[in-house]
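I opened the notebook to record what I looked up in this structure. The entries follow in the order I made them.

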Amino acid sequence: MKAKAGAVRGVALIIALALAGAVFPAMAQTNAHSGGSERATPVKTSRITEAIDERRLVRVRGNVHPLAQAKFDQGAVNDAQPMDRVLLLLQRGPAEEAALRQLLDDQQTTNSPKHHAWLTPEQFGAEFGPSDADIQATTEWLGSRGFHGIKVGPGRTVIEFSGTARQVREAFHTEMRRYLVKDSEHFANASDPQIPAALSPVVAGVVSLHNFPKFAHTHSLGTFQRARETGAIEPMFSFAGCGSSTGGKCNGLGPADLAKIYNIPASLDGTGQSLSLIHI
C-alpha cells in the first residue's frame, strides 16, 4: 500500500506541474536547441508606449552610404522605382542587451549550466527581441505607409518590406538619388531617414536603401598546412606577379623556410651569437 500511495502522489505531482504550466504560460519551459537544456520564456515589456504621431520625428543617424556624395549625384530616382526587400533594423532594450551579454558569457563558461546551450532563431527572438505588441505596432505602421511583403525575421532583429521610392521618401523623409561612381550608377538615400519618435525605442535604422555592392574585408594570402607529427604550421603561401616576372609566382617565407634554406639548427636560439651592423 505504501508503494501504491507513493506512485499516486507522484502522478498527482506531475498533473499539478502540468496544470501550473498551463495556468502560468510565462513560466513554461522550452527546450534549448542544444543539449536538451531548458529555458524559461521571459515576460516581455513593450517599449512603444506612445501613439504614433507623424508630426513628431527623430532622425536615425548613420544610415547614409559613404559614397552617396553630392559630387556623384545624378538626380532624383523615379518615384515608381521599386524598393524591394528593405530591412528595418530593430534594437534591444537595456534589459535585453544585458541579458544577452550575460548569456554569451555563460555559453563560453565551462562550469555554467548554460555552457554551449545554443538558441534557435525563434528562441533568440522570443528572449531578446521586441515584444509582440512592439512588433505589431511597427508592422502596422509600415502597412499604413503603403509598404507590402512585410515579414518579421525569426530572430526579431529585422523586419523586411518592399515598396517604391516615393513611399520611402514619404515614410522616411529622405530623398532617393542616383549616384555615378567609377562609371557605375547606383541609387541611395541622400540623408538619414526619419521615423516617428514613438518607434525610436525599437527601431535602430533602415538598411538596404541603396544598391552599392558590398565587398569582403578579407584577403586571401594562400594556403598552409599543419605538420602531422608536431602540429606546427608550415607556410605554403604563394603570390602572383612579383619579382622580375609579372606572370611568375613568388613563395612567401616563414621562419621554418629560412631555417631550412640557411641550415639553421632547430636548437639555435641566438645565445652566444654576435650581430654586426654596417652603416653605408
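I count a contact when heavy atoms lie within 4.5 Å. This is a predicted model: local features need pLDDT of at least 70, side-chain atom pairs count only at pLDDT 80 or more, and totals for chains, interfaces and linings use all residues. Residues are numbered from 1 along each chain as its sequence is written, and side-chain values use heavy atoms, with hydrogens and water left out.

I looked up what Leu 88 touches, leaving aside neighbours within four places in sequence. The contacts are Thr 138, Leu 142, Thr 157, Val 158, Ile 159, Phe 161, Phe 172, Val 203, Gly 205 and Val 206.

Buried means under 20% relative accessible area, exposed over 50%, and partly exposed in between, with a 1.4 Å probe and protein chains only. This core has 26 residues, and Met 83, Leu 88, Leu 142 and Phe 172 touch the most other members. Two or more residues come from each of β5 (82–90), α4 (132–144), β7 (158–164), α5 (165–172) and β11 (203–207). Helices (H or I, at least four residues) and strands (E, at least two) are DSSP runs, numbered from the N terminus. I also noted a second, separate core of six residues, with Ala 68, Phe 72, Tyr 179 and Ala 188 among them.

Why is β7 largely enclosed by the rest of the structure? Five of its seven residues are buried, so the strand is largely enclosed.

I then checked pairing (two strands pair if DSSP finds at least two bridges between them). β5 and β7 run antiparallel over six bridges, and Pro 82 stands opposite Thr 164. β6 (148–152) is also antiparallel to β7, over three bridges. There, Val 152 has Ile 159 as its bridge partner. β6 and β7 make a hairpin with five residues between them. In the turn, Arg 156 has a positive phi of about 55°.

**Entry: Pro 196**

I found Pro 196 in strand β10 (194–196). Is Pro 196 buried or exposed? Its relative accessibility is 0%, so Pro 196 counts as buried. Pro 196 contacts Ile 52, Asp 53, Glu 54, Arg 56, Leu 57, Val 58 and Trp 141, leaving aside neighbours within four places in sequence. Trp 141 is 55 residues from Pro 196 in sequence and 9.6 Å away in space, C-alpha to C-alpha.

**Entry: Ile 264**

I placed Ile 264 in the segment after α6 (255–261). Ile 264 counts as partly exposed because its relative accessibility is 36%.

Technical notes: Core = buried A, V, L, I, M, F, W, Y, C linked by side-chain atoms within 4.5 Å.
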